[in-house]
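Trainee: Could you walk me through this one? I'd like to ask questions as we go.

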Amino acid sequence: MNVFSHPEFDNHEHLSFFCDPETGLKAIVAIHNTSRGPALGGCRMFPYASDEEALRDVLRLSRGMTYKSALANLDLGGGKSVIIGDPRKQKSDALLEAMGRHLEGLGGQYIAAEDSGTSVPDLKVMGRHTQHVAGIASRIGFDGNPSNGDPSPATAYGTFIGLKAAVKHKLGQDNLSGLKVAIQGIGNVGFRLAKHLKEAGADLWVYDIHAENMQRAIDELGAKPASAEDILFLPVDVVAPCAMGAVLNDRSIPELKAGIVAGAANNLLDRPEHDAMLRQHNILYAPDFAINAGGIIDVFYERKGASPDQVRAHVDTIGDTLTEIFNRSDRTGLPTGEIANELAEERFRKHTAGAGLAPERLACAG
(Lines give C-alpha, C1' and ligand atoms only; values in the text may rest on other atoms or scores of the structure.)
Protein backbone atom coordinates (compact mmCIF):
# COMPACT_ATOMS: atom_id res chain seq x y z
CA MET A 1 0.00 0.00 0.00
CA ASN A 2 1.53 3.31 -1.09
CA VAL A 3 1.12 6.21 1.31
CA PHE A 4 3.44 9.13 0.57
CA SER A 5 2.92 8.66 -3.16
CA HIS A 6 -0.83 8.12 -2.80
CA PRO A 7 -2.82 10.53 -5.01
CA GLU A 8 -4.89 11.62 -1.98
CA PHE A 9 -1.85 12.22 0.26
CA ASP A 10 -1.51 15.97 0.78
CA ASN A 11 1.36 16.39 3.23
CA HIS A 12 -0.73 14.90 6.01
CA GLU A 13 0.93 15.42 9.37
CA HIS A 14 0.08 12.01 10.78
CA LEU A 15 -1.31 8.67 9.66
CA SER A 16 -1.73 5.71 12.00
CA PHE A 17 -2.99 2.19 11.42
CA PHE A 18 -4.44 0.37 14.41
CA CYS A 19 -5.37 -3.28 14.65
CA ASP A 20 -6.74 -5.17 17.65
CA PRO A 21 -7.12 -8.89 16.87
CA GLU A 22 -9.09 -9.59 20.05
CA THR A 23 -11.96 -7.28 19.06
CA GLY A 24 -11.49 -7.37 15.29
CA LEU A 25 -10.79 -3.64 15.14
CA LYS A 26 -9.00 -2.39 12.04
CA ALA A 27 -8.82 1.40 11.89
CA ILE A 28 -6.96 4.25 10.26
CA VAL A 29 -6.59 7.77 11.68
CA ALA A 30 -5.45 10.60 9.42
CA ILE A 31 -4.49 14.07 10.64
CA HIS A 32 -4.10 16.50 7.77
CA ASN A 33 -3.26 19.87 9.31
CA THR A 34 -3.27 21.29 12.84
CA SER A 35 -2.09 24.84 12.16
CA ARG A 36 -5.36 26.35 13.45
CA GLY A 37 -5.85 23.88 16.33
CA PRO A 38 -6.36 20.19 17.13
CA ALA A 39 -7.77 18.06 14.33
CA LEU A 40 -11.45 17.30 14.73
CA GLY A 41 -13.46 15.04 12.45
CA GLY A 42 -15.86 12.15 12.40
CA CYS A 43 -15.12 8.49 13.04
CA ARG A 44 -16.68 6.54 10.16
CA MET A 45 -17.40 2.78 10.22
CA PHE A 46 -17.94 1.24 6.82
CA PRO A 47 -17.42 -2.19 5.19
CA TYR A 48 -14.76 -1.01 2.74
CA ALA A 49 -14.07 -3.41 -0.09
CA SER A 50 -10.31 -3.05 0.45
CA ASP A 51 -7.71 -1.43 2.68
CA GLU A 52 -6.85 0.84 -0.26
CA GLU A 53 -10.43 2.11 -0.41
CA ALA A 54 -10.37 2.87 3.33
CA LEU A 55 -7.04 4.69 3.02
CA ARG A 56 -8.32 6.79 0.12
CA ASP A 57 -11.42 7.74 2.09
CA VAL A 58 -9.62 8.75 5.28
CA LEU A 59 -6.97 10.78 3.45
CA ARG A 60 -9.55 12.61 1.39
CA LEU A 61 -11.97 13.21 4.26
CA SER A 62 -9.30 14.45 6.68
CA ARG A 63 -8.08 17.00 4.17
CA GLY A 64 -11.66 18.12 3.67
CA MET A 65 -12.02 18.74 7.41
CA THR A 66 -9.02 21.11 7.38
CA TYR A 67 -10.68 23.15 4.66
CA LYS A 68 -14.12 22.97 6.27
CA SER A 69 -12.93 24.22 9.67
CA ALA A 70 -10.77 26.96 8.14
CA LEU A 71 -13.57 28.13 5.87
CA ALA A 72 -15.89 28.25 8.90
CA ASN A 73 -13.29 30.32 10.82
CA LEU A 74 -12.90 27.73 13.57
CA ASP A 75 -9.77 27.21 15.65
CA LEU A 76 -9.58 23.57 14.57
CA GLY A 77 -7.50 21.45 12.25
CA GLY A 78 -8.59 18.61 10.02
CA GLY A 79 -8.64 14.92 10.78
CA LYS A 80 -10.74 11.81 10.23
CA SER A 81 -10.81 8.18 11.27
CA VAL A 82 -12.29 5.10 9.65
CA ILE A 83 -13.08 1.70 11.10
CA ILE A 84 -13.15 -1.06 8.52
CA GLY A 85 -16.24 -3.19 9.13
CA ASP A 86 -20.01 -3.46 8.86
CA PRO A 87 -21.51 -1.31 11.64
CA ARG A 88 -24.66 -3.45 11.69
CA LYS A 89 -22.80 -6.73 12.14
CA GLN A 90 -19.31 -6.12 13.52
CA LYS A 91 -19.70 -3.23 15.94
CA SER A 92 -19.32 -4.07 19.64
CA ASP A 93 -18.55 -2.24 22.86
CA ALA A 94 -15.20 -4.03 23.02
CA LEU A 95 -14.28 -2.83 19.51
CA LEU A 96 -15.31 0.74 20.32
CA GLU A 97 -13.36 0.68 23.58
CA ALA A 98 -10.28 -0.48 21.68
CA MET A 99 -10.77 2.47 19.32
CA GLY A 100 -11.00 4.76 22.33
CA ARG A 101 -7.67 3.48 23.64
CA HIS A 102 -6.02 4.20 20.30
CA LEU A 103 -7.45 7.72 20.24
CA GLU A 104 -6.13 8.33 23.75
CA GLY A 105 -2.69 7.24 22.59
CA LEU A 106 -2.64 10.09 20.08
CA GLY A 107 -2.52 12.56 22.95
CA GLY A 108 -5.26 14.92 21.78
CA GLN A 109 -3.89 15.57 18.30
CA TYR A 110 -7.16 14.18 16.93
CA ILE A 111 -10.67 14.47 18.39
CA ALA A 112 -13.34 12.09 17.09
CA ALA A 113 -17.00 12.85 16.51
CA GLU A 114 -19.82 10.75 15.08
CA ASP A 115 -20.04 9.98 11.39
CA SER A 116 -21.62 7.49 9.03
CA GLY A 117 -21.82 4.16 10.82
CA THR A 118 -21.25 5.58 14.31
CA SER A 119 -23.51 7.37 16.77
CA VAL A 120 -23.43 9.46 19.93
CA PRO A 121 -23.77 6.29 22.10
CA ASP A 122 -20.81 4.76 20.22
CA LEU A 123 -18.67 7.83 20.93
CA LYS A 124 -19.63 7.60 24.58
CA VAL A 125 -18.34 4.00 24.66
CA MET A 126 -15.05 5.20 23.14
CA GLY A 127 -15.08 7.90 25.78
CA ARG A 128 -14.66 5.30 28.51
CA HIS A 129 -11.01 5.21 27.49
CA THR A 130 -10.32 8.65 26.06
CA GLN A 131 -11.14 12.30 26.62
CA HIS A 132 -10.70 12.99 22.93
CA VAL A 133 -14.25 12.56 21.65
CA ALA A 134 -16.75 15.33 20.94
CA GLY A 135 -20.42 15.82 20.22
CA ILE A 136 -21.62 13.70 23.13
CA ALA A 137 -22.73 16.26 25.72
CA SER A 138 -26.42 16.56 26.63
CA ARG A 139 -27.43 20.18 26.40
CA ILE A 140 -29.93 22.59 24.87
CA GLY A 141 -29.22 22.70 21.13
CA PHE A 142 -28.97 25.81 19.00
CA ASP A 143 -32.61 25.27 17.97
CA GLY A 144 -33.81 25.39 21.58
CA ASN A 145 -34.50 21.66 21.78
CA PRO A 146 -32.71 19.15 24.03
CA SER A 147 -29.65 17.70 22.27
CA ASN A 148 -27.58 14.60 23.00
CA GLY A 149 -24.68 15.94 20.96
CA ASP A 150 -26.00 14.93 17.53
CA PRO A 151 -24.78 17.63 15.09
CA SER A 152 -27.43 16.78 12.47
CA PRO A 153 -29.77 19.69 13.36
CA ALA A 154 -26.96 22.23 12.94
CA THR A 155 -25.73 20.60 9.72
CA ALA A 156 -29.23 20.69 8.25
CA TYR A 157 -29.85 24.28 9.32
CA GLY A 158 -26.51 25.42 7.90
CA THR A 159 -27.26 23.65 4.62
CA PHE A 160 -30.62 25.43 4.52
CA ILE A 161 -28.93 28.81 5.09
CA GLY A 162 -26.40 28.03 2.34
CA LEU A 163 -29.10 26.87 -0.05
CA LYS A 164 -30.95 30.15 0.48
CA ALA A 165 -27.74 32.07 -0.33
CA ALA A 166 -27.37 30.06 -3.55
CA VAL A 167 -30.99 30.74 -4.55
CA LYS A 168 -30.51 34.44 -3.86
CA HIS A 169 -27.37 34.55 -6.00
CA LYS A 170 -28.61 32.42 -8.89
CA LEU A 171 -32.31 33.26 -9.02
CA GLY A 172 -32.31 36.66 -7.33
CA GLN A 173 -35.01 35.75 -4.82
CA ASP A 174 -35.23 35.54 -1.04
CA ASN A 175 -38.62 33.85 -0.98
CA LEU A 176 -38.46 30.06 -1.30
CA SER A 177 -42.20 29.63 -1.77
CA GLY A 178 -42.77 27.36 -4.77
CA LEU A 179 -39.06 26.57 -5.12
CA LYS A 180 -38.63 23.02 -6.47
CA VAL A 181 -36.01 20.99 -4.58
CA ALA A 182 -34.94 17.36 -5.05
CA ILE A 183 -33.26 15.82 -1.99
CA GLN A 184 -31.16 12.68 -2.40
CA GLY A 185 -30.91 11.07 1.04
CA ILE A 186 -33.60 11.79 3.58
CA GLY A 187 -31.93 10.57 6.77
CA ASN A 188 -31.05 12.63 9.86
CA VAL A 189 -29.74 15.64 7.93
CA GLY A 190 -31.81 15.31 4.77
CA PHE A 191 -35.12 15.09 6.62
CA ARG A 192 -34.34 18.14 8.73
CA LEU A 193 -33.30 20.07 5.63
CA ALA A 194 -36.56 19.02 3.98
CA LYS A 195 -38.49 20.26 7.00
CA HIS A 196 -36.82 23.69 6.84
CA LEU A 197 -37.58 23.90 3.13
CA LYS A 198 -41.20 22.82 3.60
CA GLU A 199 -41.71 25.48 6.27
CA ALA A 200 -40.29 28.02 3.79
CA GLY A 201 -42.86 26.96 1.18
CA ALA A 202 -40.72 24.81 -1.12
CA ASP A 203 -42.02 21.85 -3.12
CA LEU A 204 -40.05 18.67 -2.41
CA TRP A 205 -39.04 15.48 -4.20
CA VAL A 206 -37.15 12.86 -2.18
CA TYR A 207 -35.29 9.58 -2.48
CA ASP A 208 -33.62 7.39 0.13
CA ILE A 209 -32.35 3.81 0.10
CA HIS A 210 -34.51 3.18 3.18
CA ALA A 211 -38.20 3.09 2.28
CA GLU A 212 -39.27 4.16 5.77
CA ASN A 213 -37.31 7.43 5.46
CA MET A 214 -39.04 8.25 2.20
CA GLN A 215 -42.45 7.39 3.61
CA ARG A 216 -41.87 9.67 6.59
CA ALA A 217 -41.08 12.60 4.28
CA ILE A 218 -44.16 11.82 2.18
CA ASP A 219 -46.46 11.54 5.19
CA GLU A 220 -45.13 14.41 7.30
CA LEU A 221 -43.92 16.88 4.68
CA GLY A 222 -46.02 16.13 1.64
CA ALA A 223 -42.92 15.31 -0.38
CA LYS A 224 -43.18 13.49 -3.69
CA PRO A 225 -41.24 10.21 -4.09
CA ALA A 226 -38.63 9.78 -6.80
CA SER A 227 -36.52 6.82 -7.88
CA ALA A 228 -32.80 6.38 -7.33
CA GLU A 229 -32.26 6.78 -11.09
CA ASP A 230 -34.27 10.00 -11.38
CA ILE A 231 -33.73 12.02 -8.18
CA LEU A 232 -30.70 13.98 -9.44
CA PHE A 233 -32.14 14.63 -12.88
CA LEU A 234 -35.59 16.01 -12.16
CA PRO A 235 -36.62 19.38 -13.67
CA VAL A 236 -36.24 21.27 -10.39
CA ASP A 237 -34.54 24.48 -9.24
CA VAL A 238 -32.18 22.87 -6.72
CA VAL A 239 -30.68 19.41 -6.28
CA ALA A 240 -29.58 18.69 -2.69
CA PRO A 241 -27.45 15.52 -2.38
CA CYS A 242 -27.49 14.52 1.29
CA ALA A 243 -26.24 10.93 1.12
CA MET A 244 -22.89 9.60 -0.10
CA GLY A 245 -20.37 11.58 -2.14
CA ALA A 246 -18.97 11.48 -5.69
CA VAL A 247 -22.43 11.88 -7.26
CA LEU A 248 -21.26 14.77 -9.48
CA ASN A 249 -19.32 13.08 -12.26
CA ASP A 250 -18.84 12.79 -16.00
CA ARG A 251 -22.13 10.99 -16.43
CA SER A 252 -24.37 12.92 -14.04
CA ILE A 253 -23.40 16.55 -14.63
CA PRO A 254 -24.53 16.78 -18.29
CA GLU A 255 -27.88 15.29 -17.27
CA LEU A 256 -28.63 17.75 -14.46
CA LYS A 257 -31.63 19.98 -15.10
CA ALA A 258 -31.36 21.99 -11.87
CA GLY A 259 -29.48 25.29 -11.95
CA ILE A 260 -28.19 24.87 -8.38
CA VAL A 261 -26.48 22.03 -6.50
CA ALA A 262 -26.55 22.63 -2.74
CA GLY A 263 -26.46 19.57 -0.49
CA ALA A 264 -25.03 18.31 2.78
CA ALA A 265 -23.12 15.25 1.56
CA ASN A 266 -19.32 15.31 1.75
CA ASN A 267 -17.07 15.12 -1.33
CA LEU A 268 -19.83 15.61 -3.90
CA LEU A 269 -17.34 15.97 -6.75
CA ASP A 270 -16.05 12.67 -8.11
CA ARG A 271 -12.89 14.49 -9.26
CA PRO A 272 -11.68 18.07 -8.75
CA GLU A 273 -12.19 18.94 -12.43
CA HIS A 274 -15.93 18.39 -12.07
CA ASP A 275 -16.00 21.76 -10.32
CA ALA A 276 -15.19 23.48 -13.63
CA MET A 277 -17.55 21.16 -15.48
CA LEU A 278 -20.48 22.37 -13.38
CA ARG A 279 -19.60 25.97 -14.16
CA GLN A 280 -19.39 25.16 -17.87
CA HIS A 281 -22.94 23.81 -17.66
CA ASN A 282 -24.10 27.03 -15.93
CA ILE A 283 -24.85 25.21 -12.68
CA LEU A 284 -24.14 27.05 -9.43
CA TYR A 285 -22.34 24.68 -7.07
CA ALA A 286 -22.32 25.39 -3.33
CA PRO A 287 -19.07 23.66 -2.27
CA ASP A 288 -19.98 20.90 0.16
CA PHE A 289 -17.33 21.70 2.76
CA ALA A 290 -18.66 25.25 2.95
CA ILE A 291 -22.38 24.53 3.09
CA ASN A 292 -22.31 21.53 5.47
CA ALA A 293 -20.12 23.10 8.17
CA GLY A 294 -22.97 23.53 10.66
CA GLY A 295 -22.18 20.25 12.41
CA ILE A 296 -18.51 21.01 13.02
CA ILE A 297 -19.47 24.50 14.23
CA ASP A 298 -21.92 22.95 16.69
CA VAL A 299 -19.33 20.47 18.01
CA PHE A 300 -16.70 23.21 18.33
CA TYR A 301 -18.98 25.35 20.49
CA GLU A 302 -20.09 22.39 22.59
CA ARG A 303 -16.48 22.00 23.71
CA LYS A 304 -16.40 25.70 24.65
CA GLY A 305 -19.70 25.60 26.55
CA ALA A 306 -21.17 28.34 24.36
CA SER A 307 -24.82 29.36 24.33
CA PRO A 308 -27.29 28.19 21.66
CA ASP A 309 -27.48 31.76 20.36
CA GLN A 310 -23.71 31.82 19.75
CA VAL A 311 -23.94 28.57 17.79
CA ARG A 312 -26.81 29.78 15.63
CA ALA A 313 -25.09 33.10 14.95
CA HIS A 314 -21.97 31.33 13.70
CA VAL A 315 -23.94 28.82 11.59
CA ASP A 316 -25.74 31.79 10.01
CA THR A 317 -22.38 32.99 8.64
CA ILE A 318 -22.36 30.02 6.24
CA GLY A 319 -24.60 32.10 3.98
CA ASP A 320 -22.13 35.01 4.06
CA THR A 321 -19.21 32.71 3.26
CA LEU A 322 -21.01 31.21 0.28
CA THR A 323 -22.03 34.63 -1.00
CA GLU A 324 -18.37 35.68 -0.87
CA ILE A 325 -17.43 32.52 -2.80
CA PHE A 326 -20.11 33.09 -5.43
CA ASN A 327 -19.18 36.74 -5.91
CA ARG A 328 -15.46 36.02 -6.16
CA SER A 329 -16.21 33.27 -8.68
CA ASP A 330 -18.19 35.73 -10.79
CA ARG A 331 -15.36 38.28 -10.67
CA THR A 332 -12.57 35.86 -11.54
CA GLY A 333 -14.34 33.35 -13.74
CA LEU A 334 -13.01 30.52 -11.58
CA PRO A 335 -15.33 27.73 -10.42
CA THR A 336 -16.79 27.98 -6.93
CA GLY A 337 -15.00 24.93 -5.53
CA GLU A 338 -11.64 26.36 -6.54
CA ILE A 339 -12.54 29.68 -4.92
CA ALA A 340 -13.62 27.89 -1.72
CA ASN A 341 -10.29 26.07 -1.61
CA GLU A 342 -8.38 29.35 -2.06
CA LEU A 343 -10.35 31.04 0.69
CA ALA A 344 -9.79 28.14 3.10
CA GLU A 345 -6.07 28.05 2.30
CA GLU A 346 -5.81 31.77 2.98
CA ARG A 347 -7.26 31.09 6.43
CA PHE A 348 -5.15 28.12 7.51
CA ARG A 349 -1.86 28.86 5.77
CA LYS A 350 -1.42 32.17 7.55
CA HIS A 351 -1.38 30.10 10.75
CA THR A 352 0.95 27.50 9.22
CA ALA A 353 3.56 30.11 8.30
CA GLY A 354 4.53 30.71 11.90
CA ALA A 355 3.58 27.41 13.42
CA GLY A 356 6.15 25.01 11.98
CA LEU A 357 4.32 21.78 11.28
CA ALA A 358 5.52 18.48 12.63
CA PRO A 359 7.08 16.08 10.13
CA GLU A 360 4.97 13.33 8.64
CA ARG A 361 4.71 10.35 10.95
CA LEU A 362 3.62 6.80 10.33
CA ALA A 363 2.74 4.48 13.21
CA CYS A 364 1.20 1.05 13.46
CA ALA A 365 0.02 -0.51 16.69
CA GLY A 366 -1.42 -3.95 17.25
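Trainee: Which element gives the most to the lining of the second largest pocket?

Mentor: A pocket is an open set of points on a 1 Å grid over the protein atoms alone, with protein on both sides within 12 Å along at least five of seven lines, and a lining residue has an atom within 4 Å of a point. Helices (H or I, at least four residues) and strands (E, at least two) are DSSP runs numbered from the N terminus. Helix H8 (288–291) and helix H11 (336–355) are among the elements that give two or more residues here. The top contributor, with eight residues, is H1.

Trainee: Before we go on, what kind of model is this?

Mentor: Residues are numbered from 1 along each chain as its sequence is written, and side-chain values use heavy atoms, with hydrogens and water left out. Local features need pLDDT of at least 70, side-chain atom pairs count only at pLDDT 80 or more, and totals for chains, interfaces and linings use all residues, in what is a predicted model.

Trainee: Back to that pocket: which residues lie nearest its centre?

Mentor: The pocket has a volume of about 590 Å³, where volume is the space filled by probe spheres set on grid points that are joined across faces, edges and corners. Its lining takes in 27 residues, and the ones nearest the centre are Arg60, Arg63, Asn267, Pro272 and Asn341.

Trainee: And the largest cavity, which helix gives the most to its lining?

Mentor: In a cavity, a 1.4 Å probe fits but cannot get out. The largest one has a volume of about 60 Å³, and its lining includes Lys68, Phe289, Ile297 and His314. H1, H8 and helix H10 (308–332) each supply at least two residues. With four residues, the one giving the most is H10.

Trainee: Which side chain makes a polar contact with the side chain of Asn292?

Mentor: Contact means heavy atoms within 4.5 Å, and beyond its neighbours within four places in sequence, Asn292 touches Lys68, Thr155, Thr159, Ala264, Ala265 and Asn266. The C-alpha atoms of Asn292 and Ala265 are 7.4 Å apart, although 27 residues separate the two along the chain. A polar contact needs N or O atoms within 3.5 Å, and within protein one must be able to donate a hydrogen and the other to accept it, while residues adjacent in sequence count only if both atoms are side-chain atoms. At 2.9 Å, the partner is the side chain of Asn266.

Trainee: How many residues of H9 are buried?

Mentor: Gly294, Ile297 and Phe300 are among the buried ones, and the cover over them includes strand E3, H1, strand E6 (139–140), helix H4 (152–171) and H10. H9 is largely enclosed by the rest of the structure, because of its 11 residues the buried ones number nine.

Trainee: You mentioned E3. Which residue in E4 is the bridge partner of Ala39?

Mentor: E3 (residues 39–46) is mostly covered, with seven of its eight residues buried. Two strands pair if DSSP finds at least two bridges between them, and E3 pairs with strand E4 (residues 77–84) in the parallel sense over six bridges. In E4, Ala39 has as its bridge partner Gly77.

Trainee: Which strands stand at the edges of the open sheet of six strands?

Mentor: The order is E10-E9-E8-E11-E12-E13, with parallel pairing. The edge strands each have a single partner strand, so one side of each is left without a neighbour in the sheet: they are E10 (224–225) and E13 (284–285).

Trainee: Within that sheet, which residue of E9 stands opposite Ala182?

Mentor: Strand E9 (residues 203–207) has four of its five residues buried. Strand E8 (residues 180–184) pairs with E9 in the parallel sense over five bridges. Opposite Ala182 stands Trp205.

Trainee: Last one: what is the distance of the polar contact between Glu97 and Arg128?

Mentor: Glu97 lies in helix H2 (residues 93–105). Leaving aside neighbours within four places in sequence, Glu97 is in contact with Val125, Arg128 and His129. The side chains of Glu97 and Arg128 are joined by a polar contact of 2.7 Å.

Key
Buried means under 20% relative accessible area, exposed over 50%, partly exposed in between (1.4 Å probe, protein chains only).
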